[in-house]
Amino acid sequence: RINLIFIHFSLILIVFKEKNKNKFPQDIFDNIFLNIEYHIRELGYGDVAVNKKMKDLLRNFYDILLKIKIPNVQKNMIDKIILKNYLEPQVIEHGELIANLANYFEKYYHYCFELENNSMLKGEIKFNY
């Protein structure tokens with residue numbers, strides 16, 4: 001589930017950067033990862049394990065963010081390789097499911113592009129697929 005959150009958040013960051021040349025507010029980014037850290041601690045992990053887990057999760061997030069770039073701007077297609085790499089192994093075998101997810105994220109990308117920046121920052125995203 002966390003990788004799906006990362007993909008959604010990556011698309012929001014990409015749209016925000018493309019529409020508005022300003023930086024994404026750091027406090028929102030920090031809040032998301034602080035909440036992830038709190039949830040890991042609630043699961044009973046200790047300080048050393050939390051730090052290691054957060055390091056791995058941040059590495060995954062930045063990998064997704066850098067590689068999910070829309071390869072063909074004209075078609076706005078989401079890179080299916082990212083979806084395959086960051087989903088559970090049993091899902092990888094189902095090519096149709098990956099295609100449906102890619103279609104979903106393409107529509108999500110277009111939907112976010114139509115939103116105003118303030119509504120994205122406030123979390124007023126009501127996307128229906």
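**Salt bridges along the helices**

Guide: Lys52 is exposed, with a relative accessibility of 55%. In this predicted model, Lys52 forms a salt bridge with Asp56, and their closest N and O atoms lie 3.6 Å apart. The two residues are four positions apart in helix H3 (residues 47–67), so about one helical turn separates Lys52 from Asp56. Asp56 counts as partly exposed, at 28% relative accessibility.

Asp56 also meets the side chain of Arg59 in a salt bridge, at 3.3 Å from N to O. Here the spacing is three residues in helix H3, and Arg59 and Asp56 are again separated by about one helical turn. Arg59 has a relative accessibility of 49% and therefore counts as partly exposed, since the exposed class begins over 50%.

Helix H2 (residues 26–42) holds another pairing: the side chains of Glu37 and Arg41 form a salt bridge, with an N to O distance of 3.0 Å. Glu37 and Arg41 are four residues apart in helix H2, and thus about one helical turn apart. Glu37 is partly exposed, with a relative accessible area of 21%, and Arg41 is likewise partly exposed, at 32%. This pair belongs to a network of salt bridges that links Glu37, Arg41 and Asp47. Across the whole structure, a search finds four salt bridges. In general, side chains of opposite charge can pair when their charged atoms come close.

Notes:
Residues numbered from 1 in each chain as written. Predicted model: local features only at pLDDT ≥ 70, side-chain atom pairs only at ≥ 80, totals over all residues. Heavy atoms only, no water. Axes fitted to C-alpha atoms, helices over the stretch in contact; angles between N-to-C directions. Buried < 20%, exposed > 50% of the residue type's maximum accessible area, 1.4 Å probe, protein only.
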